[in-house]
Amino acid sequence: MKRQRALYHHTIQPMAELAVRLTVLVVVLVMVASSAQATQQYMDRLPVVNPYLCLTCHTVENPSGGDSTLNPFGTDFEINGRVWDYHLANLNSDGDGCLNGVEIGDSDGDGVADGNVTEQAGNPGVVDNCGSGSLVDEKTWDALKAMFDGR
Ligand SMILES: [Ca+2]
Ligand SMILES: [Ca+2]
Ligand SMILES: [Ca+2]
């Protein structure tokens, strides 16, 4: 019995600890290595990615495990299950008055770009000039909503 316990403490326990540490290390390494790839994979889900590419969702041009901070659109994209759809297209993540769909160039969010659009009209994660757009001015919209809500 005493010998068994000694065997456990000197051989099995250190090995188990080592195995746990190695597993953690491998998981961390895989996460770092796959983050850039993940970005590419998720970017492919957007119908139009030029010219902003990574900056569509991130605050840095080359997101990595070290810094892959998301901008407001990236955050909404993540909350939406990293799916581009009608719901996400109808949000205005950066609050600049243009819907995400208008900025991306797929107003109805069906995954197919509007007409001959090949470039994003604006960055959906940055307050910018997103072109003509077809969005009702946000203040007008708030006023309309207030009317309907009886406020
Ligand atoms: Ca916007
Ligand atoms: Ca479309
Ligand atoms: Ca914008």
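User: In what order do the elements of the protein run from the N terminus on?

Analyst: This is a predicted model, in which local features need pLDDT of at least 70, side-chain atom pairs count only at pLDDT 80 or more, and totals for chains, interfaces and linings use all residues. Residues are numbered from 1 along each chain as its sequence is written, while chains are lettered from A and ligands numbered from 1 in the order in which they are written. Helices (DSSP runs of H or I, at least four residues) and strands (DSSP runs of E, at least two) are numbered from the N terminus, and the protein has five helices and zero strands. Read from the N terminus on, the elements run α-α-α-α-α.

User: Is Val28 buried or exposed?

Analyst: Val28 has its place in helix 1, which spans residues 2-43. A residue is buried if 20 or more other C-beta atoms, placed from the backbone, lie within 10 Å of its own, exposed if 12 or fewer, and partly exposed in between. Because 11 other C-beta atoms lie within 10 Å of Val28, this residue is exposed.

User: What percentage of the 151 residues in the protein is buried?

Analyst: The buried residues include those of helix 2, namely Pro72, Phe73, Gly74, Asp76 and Phe77. Across the 151 residues in the protein, the buried share is 26%.

User: Against which helices do the buried residues of helix 2 pack?

Analyst: Packing is judged here by contacts, that is, pairs of residues whose C-beta atoms, placed from the backbone, lie within 7 Å. On that basis, the buried residues of helix 2 pack against helix 3 and helix 4.

User: Why is Leu53 partly exposed?

Analyst: Leu53 lies in the loop between helix 1 and helix 2, and its phi is near 50°, a positive value in a residue other than glycine. Leu53 is partly exposed because the number of other C-beta atoms within 10 Å is 16.

User: Which residues does a cis peptide bond join?

Analyst: Pro51 has its place in the loop between helix 1 and helix 2. With omega at about 0°, the cis peptide bond joins Asn50 and Pro51.

Definitions and conventions:
Contact = placed C-beta atoms within 7 Å.
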